[in-house]
Amino acid sequence: MGCVHFSFLLPSVKHKAPQIPVLRSKNAQETNIPFPAVTFGPTDGRGPEGMDRRNHGAHGGGKIRIGVCVMEKKVSCSPMEQILERLHAFGEFEIIIFGDKVILEDPIESWPLCDCLIAFYSAGYPLEKAEKYAVLRRPFLVNELDPQYLLHDRSKVYEHLKLFGVPVPTYAVVRREHPNQELNYFIEQDDFIEIHGKRFCKPFVEKPIDGDDHNIMIYYPSYAGGGMKELFRKVGNRSSEFYPEVRKVRRDGSYIYEEFMPTGGTDVKVYTIGPGYAHAEARKSPVVDGVVMRNSDGKEVRYPVLLTPTEKQIARNVCQAFRQAVCGFDLLRCDLGEARSYVCDVNGWSFVKSSYKYYDDAACILRKMFLDEKAPHIYTIPAHLPWRISEPAQPSDAVRNREQGTVGIPTQSEELRCVIAVIRHGDRTPKQKVKLKITQEKLLKLMLKYNGGKAHAEAKLKSALQLQDLLDATRILVPRAR
């Protein structure tokens, strides 16, 4: 599945979240968080039951405190819940959910104390405030905060990727201080644009510089009918729309322009957990027809893919370049003479959806990160995953085992990872061959020239030079009509 696994990761099995009471302070905002949480809300520096955080924190029983300083919408999403449940099940960590009220309203001095911090930007998140907290308390950061500013500017993302040797599409940047500003370095014609002398022929891609603006355009050449396709975040079952009458690029802001990379109709999403692990999935590209493929559960259909050694190194470089251990990015696999992969977007903190195997791996790797940083002396590889549930053998299995003289072994469920098939269509177009007998001396000499002088041997003319010889001989034998 394109993953570089650590040796302690175990097979996926059925899971059941432990039922653990949720503790909140009197002023904490109510949230629907089903996993273990301690949400702090007061501004007097006191936690649940009047405990003074400044002196004692939440460090009960010698556990490592993991602070989750993100917006509640992100905390309550299924992947985050699944991973935090697993971390808590190890019994070595105390999970502390800050909550929106604390993050947005309380001063950082009254925020909960923690040993390790999960913090990342999303809409409405005070990133600068979280930075000040990290400077004040100095917890171990899963994802560094300062580099997250880079992710808001697509041109800076590309510049940073290039510094670390990560391949990106050929691009150029147009910055405008106000809408419709005329720029002497920007020229637009029917089928191309020029930026600082660099020409981009249609089809090309136009992206807003603002990383939070996901309205991306693709402009097509006149010989293909022209028009523009707008890509956007999924709305129902649509992810793009085609506008045949739109030919001119936008001039209302700053944009980055890049060459269109043919990918065969698929996009690849890569998710890292530290520089040593990458999980990759492919989906139908919105460029195809804009229709989102969904399964019976209403989820977008994605397929696990294997990353090449080069792509695994790209994943490692992206993770290290932005100092984001948990990071998602988009990969374009194209074949322009030679197969190459390019990074076209970096999203920051991202999780895989609906993969128990990924949740298991993420929890184990994050556990190792936390223990390596805060308690390396106690790190051990678990004999089994603590959230693993073995199903009892059915009576029929037990009877069968007794008959065979074997000991009953609890069965466990397995997860289908992928299906590999080699398929060839059966509807073929007949070969359009022309067979004829020739006696012309020039053609016979040509055949002998290229079959080694053997009278009854076959001659195949494929190269440009051979085909030119054939064309010259044919023109002599069949003069052009005047």
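**Strands and helices**

Guide: Strand S16 (residues 266-273) and S19 are antiparallel and are joined by six bridges. Two strands pair if DSSP finds at least two bridges between them. Strands (E, at least two residues) and helices (H or I, at least four) are DSSP runs, numbered from the N terminus.

Visitor: Before we continue, what are the ground rules here?

Guide: This is a predicted model, in which local features need pLDDT of at least 70 and side-chain atom pairs count only at pLDDT 80 or more, while totals for chains, interfaces and linings use all residues. Residues are numbered from 1 along each chain as its sequence is written, and side-chain values use heavy atoms, with hydrogens and water left out.

Visitor: Back to S19, then. Which residue in S19 is the bridge partner of Val-268?

Guide: Val-268 has Leu-331 as its bridge partner in S19. S19 also pairs with strand S20 (residues 339-348), antiparallel and over eight bridges. There, Cys-334 stands opposite Arg-340 of S20.

Visitor: Why is S19 described as largely enclosed?

Guide: Eight of the 10 residues of S19 (residues 326-335) are buried, so the rest of the structure largely encloses this strand. Buried means under 20% relative accessible area, exposed over 50%, and partly exposed in between, with a 1.4 Å probe and protein chains only.

Visitor: And how much of the protein chain counts as buried?

Guide: Of its 482 residues, 45% count as buried. The chain has 11 helices and 20 strands.

Visitor: Which sheet has parallel pairing?

Guide: An open sheet of four strands, in the order S4-S3-S5-S6, pairs in the parallel sense. Strands S4 (93-97) and S6 (140-141) are its edges, each pairing on one side only. Strand S3 (residues 64-69) and strand S5 (residues 116-119) share four bridges, and Cys-69 has Ala-119 as its bridge partner in S5. Helix H3 (residues 78-89) packs on this sheet and touches S3, S4 and S5, with its direction at about 145 degrees to that of S4. Contact means heavy atoms within 4.5 Å.

Visitor: What about H3 and H8: at what angle do they pack?

Guide: H3 and helix H8 (residues 356-374) pack at about 50 degrees, with their axes 9 Å apart. That makes H3 oblique to H8. Axes are lines fitted to C-alpha atoms, for helices over the stretch in contact, and angles run from 0 to 180 degrees between N-to-C directions. Angles under 35 degrees count as roughly parallel, over 145 as roughly antiparallel, 65 to 115 as roughly perpendicular, and the rest as oblique.

Visitor: Which helix comes within 10 Å of H10, axis to axis?

Guide: The axis of helix H10 (residues 441-450) comes within 10 Å of that of helix H11 (residues 464-477), and they cross at roughly 165 degrees. H10 is therefore roughly antiparallel to H11. The residues of H10 in this contact include Leu-443 and Tyr-450, and those of H11 include Leu-470 and Ile-476.

Visitor: Last topic: where is His-214?

Guide: His-214 is in the loop between strand S11 (204-208) and strand S12 (216-219). Its relative accessible area is 25%, so His-214 is partly exposed. His-214 and Phe-232 are 18 residues apart in sequence and 5.7 Å apart in space, C-alpha to C-alpha. Not counting residues up to four places away in sequence, His-214 touches Arg-154, Leu-231, Phe-232 and Arg-233.
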